[in-house]
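Please take a moment to look over the model below before reading on. We will go through it step by step, beginning with a pair of helices.

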Amino acid sequence: MATAAAASGLAGEMEVEAYRRLFPLAFLERHLGQSIRPDARRLSQVRETTVALGAVSTAHGSALVRLGDTTMIAAVKLEVMSPTAESPDEGSVVVEFHMPPICSPLVRPGRPADAAPVISKALEDVLMSSGMLNLKELCLISGKASWLAYLDIYCLNADGSLFDAALISAVAAFTHLETPLVSVGDDGRVFTVGGNEGKTKFEFVNREKRKLTLGDIPFSLTCALHKDIILADPTSEEESIIETYVTVVVDSSDRIVSIQKLGGSVASMEAIKGCISLAKERRHQLRDVLTNSVEAMEVDQTE
Amino acid sequence: MEDTRRADGRSPNQLRPFSCTGNPLHRAHGSARWAQGDTVVLAAVYGPKPGTRKGENPEKASIEVVWKPKTGQIGRQEKEYEMILKRTLQSICMLTVHPNTTTSVVLQVVGDDGSLLPCAINASCAALTFAGIPLKHLTVAIGCGVMENGTVILDTNTAEEQQLKSFAHLVFPNSRKSVDSKEPKEKDEEFERGLITSVTHGVMSEDDYFNCIERGLAASSRISDFMRKTLQKEASSVDA
């Protein structure tokens, strides 16, 4: 009696999984009809976000971010270089987003992901245009030496909303960043000094390790649009079924840093407005997450 | 309110002179040369060809876009343009008509004087029509910029794009016109036009963004009419 019930239960479960694979759109729509999503989230609910600063000890600034199952690790490394003639008082930032084969079965070593250079460029545009980074802070000696910051973001697990997670990790890595001490050698070259023995031996260009002052921090939210329903923070399963999504990036003064909607079905103005208001709500949540992670790191350091 | 004059003498809502040449390339299945002022893009469509690339859904037709810049190597900017175009064109094509096929769209930038992406999208839409690829509707793309005083200017050129703090490239479906001209005009306007693609650069306020969309929508009916006339002319010259 018990085994028969268990067998029919198993048969019932198998059918659901098969239905999920064979008819993904119908599977999703049956959930949406009840205003819920396959992973039991509400329509406008975002997945749990965690930020851990200082994940890469060899980098000058780093962060590990999890947005549900999507995992990103970002690291900033600074290198001294001579600034360009057009802007002798400014440093520069190079942003690179990588999708190694570990992140998804669709990415293989000979088959790089199409999304990687696009997300790379979008991240660079957003970070520069939002005014979060003041390039003048990256200057050491005007006209001779400045910092070149290499920001590398590696996707460790791709489960939807890649741009959102990448942006949070970039922001967190810059929040964690501390510029190292620097000194000028006999040949006039500027080099970084690590450790404590250097303190007495060298004459320093900058007196102390410094954190960058960040301006308006941008926060983003990707929403999938299906008929009249807005799903916030889609997973990769939802993204593959619903081909229409909008990524809205807002800053702390409610201005729109970027709205990217690439193709998909025609979206009405109400849908776009809905996505913008969801992005604004998300900004408050994300700011709290970032502040908590900074506090957590400071507590760890004093212990 | 003061009438804002732009550097090249245009009014804020004025577009540059458009031109579209149908099928300049004879080997391609369909091609179009779309010019907006000095920005010129040549689009060529080859397809449908049999087979899809690995990773694409074989139950639908797939679109492959190749963007060739005027000078320089292919970098991230070109990859971004390719992805924007691919996703925009995928949304207008009827992909289930020819499953398991690939249609290639090759874009060559001949001249770049601002609003390059909208010009390319218009060129590829025209080229797809000339190639006979089944489409749900046409796309109309327009570049809008926001000046410091909040005025929205349309069809920005390179000098304006470099000066402006923010600009947006918007793509709308073309305006509907009923075949039966006896139907009242109000019915067309009732149909709400939406947004297919939006790519923004620079920070702007929410109101500025929706202003851009409004102005873009208004101008898009002019571009729609131009496209309709060009396509009708080409179709009639083919029959002749």
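This is a predicted model: local features need pLDDT of at least 70, side-chain atom pairs count only at pLDDT 80 or more; totals for chains, interfaces and linings use all residues.

Residues are numbered from 1 along each chain as its sequence is written, chains are lettered from A and ligands numbered from 1 in the order in which they are written, and side-chain values use heavy atoms, with hydrogens and water left out.

Helix H3 of chain A covers residues 115-129 and helix H4 of chain A covers residues 162-176; their axes are 11 Å apart and the packing angle is about 45°. The axes are lines fitted to C-alpha atoms over the stretch in contact, and angles run from 0 to 180 degrees between N-to-C directions. H3(A) and H4(A) are therefore oblique to each other, since angles under 35 degrees count as roughly parallel, over 145 as roughly antiparallel, 65 to 115 as roughly perpendicular and the rest as oblique. Where they touch (heavy atoms within 4.5 Å), the residues of H3(A) include Ile119(A) and Leu123(A), and those of H4(A) include Phe163(A) and Ala166(A).

Chain B has a helix pair to look at as well. Helix H1 (residues 76-92) of chain B and helix H2 (residues 116-131) of chain B cross at roughly 40°, and their axes come within 11 Å. H1(B) and H2(B) are therefore oblique to each other, and their crossing is right-handed. Among the residues that meet are Tyr81(B) from H1(B) and Cys125(B) from H2(B).

Now see how the chains come together. The contact takes 36 residues from chain A and 31 residues from chain B. Between them, the two chains bury about 2,900 Å², with 57% of it on carbon and sulfur atoms; buried area is the accessible area (1.4 Å probe) that two parts lose on being put together, summed over both. There are 4 salt bridges between chain A and chain B, each a side-chain nitrogen of Lys or Arg within 4 Å of a carboxyl oxygen of Asp or Glu. Arg76(B) forms a salt bridge with Glu124(A), with the closest N and O atoms 2.2 Å apart.

Methods
Helices (H or I, at least four residues) and strands (E, at least two) are DSSP runs, numbered from the N terminus. A crossing is left-handed if the near helix is turned anticlockwise from the far one by less than a right angle, and right-handed if clockwise.
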